[in-house]
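Have the structure open and follow along.

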Amino acid sequence: MPFQLPPLPYPHDALAPHISAETLQFHHEKHHAAYIKKLNELVGDDAALAGKGLDDLVRQARGTVFDQAAQAWNHDFYWRSMRPHGGGAPMGAIAAAIDRSFGSFAAFQERFTAAAAGHFGSGWAWLVQDGDRLQVVDTHDAGNPLTRGQKPILTCDVWEHAYYIDYRHERPKYIEAWWNLVNWEHANTQLSR
Ligand code: MN3
């Protein structure tokens, strides 16, 4: 199988109480795993796609191959956008870049929260680098900012499966919890790439 489910970067219970072990188990071992499985089935049937990496598929593929590849990519990036005992104020280069692009961390937080909470239907909220500025964007379904020439820095999954077990229909409560998990080290690593 060309694509493997990457392990979660922390134990299932490591993000509690913000995201429960049950949510992570379903989200990683059922949802994320299903995208990888379907991607392998699609790529296995198509000689033109064999040997391509996930980044290439996200940038080049269309239709169902794009959907599965981008969901595989987005979930791996989402796990790494969070960490146990994360959150708080940003530090290092990302802190300065946020101030430069949004005016303040509070202004960025407000913008990102509004994008994540206000996104209609399934999708993702992102902090991206676009040229020399940071921006908040949201994408529908499997959408990924790489297809718009933007560099992903952080993401929050706003598909219902990301929060329904813990928060039912209350997406804003999940987003509030997500802020306690933000992995600023990951953001700094992406910014410097
Ligand atoms: Mn998901």
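In this predicted model, Ala 93, Ile 94, Ala 97 and Ile 98 of α4 touch Trp 184, Ala 187, Asn 188 and Leu 191 of α8. Sort those contact residues by type and you get 7 nonpolar, 1 polar and no charged. Helix α4 covers residues 93-102 and helix α8 covers residues 184-191, and their axes sit 8 Å apart at an angle of about 75°. Angles of 65 to 115 degrees count as roughly perpendicular, so that is the label for α4 and α8.

Now for the metal. Which residues coordinate the manganese ion? His 27, His 75 and His 161 each use NE2, while Asp 157 uses OD, at 2.0 to 2.1 Å. Along the chain, the donor residues follow the spacing H-x47-H-x81-D-x3-H. His 75 belongs to helix α3 (residues 63-80) and Asp 157 to strand β3 (residues 151-157), so this pair links parts that are 82 residues apart in sequence. Are these two buried or exposed? His 75 has 0% relative accessibility, so it counts as buried, and Asp 157 is buried as well, with a relative accessible area of 0%.

Helix α3 also packs against helix α1 (residues 21-44), at an angle of about 145° and with the axes 9 Å apart. The crossing of α1 and α3 is left-handed. Among the residues making this contact are His 27, Tyr 35 and Leu 39 of α1, along with Gln 68, His 75 and Trp 79 of α3. Here the residues divide into 11 nonpolar, 7 polar and 2 charged.

How values were computed. Residues are numbered from 1 along each chain as its sequence is written. This is a predicted model: local features need pLDDT of at least 70, side-chain atom pairs count only at pLDDT 80 or more; totals for chains, interfaces and linings use all residues. Side-chain values use heavy atoms; hydrogens and water are left out. Axes are lines fitted to C-alpha atoms, for helices over the stretch in contact, and angles run from 0 to 180 degrees between N-to-C directions. Helices (H or I, at least four residues) and strands (E, at least two) are DSSP runs, numbered from the N terminus. Angles under 35 degrees count as roughly parallel, over 145 as roughly antiparallel, 65 to 115 as roughly perpendicular and the rest as oblique. Contact means heavy atoms within 4.5 Å. Ala, Val, Leu, Ile, Met, Phe, Trp, Tyr, Cys and Pro count as nonpolar, Asp, Glu, Lys and Arg as charged, and the others, Gly among them, as polar. Donors are N, O and S atoms within 2.8 Å of the metal (3.2 Å for Na, K and Ca); water is not among the atoms, so sites may look incomplete. Buried means under 20% relative accessible area, exposed over 50%, partly exposed in between (1.4 Å probe, protein chains only). A crossing is left-handed if the near helix is turned anticlockwise from the far one by less than a right angle, and right-handed if clockwise.
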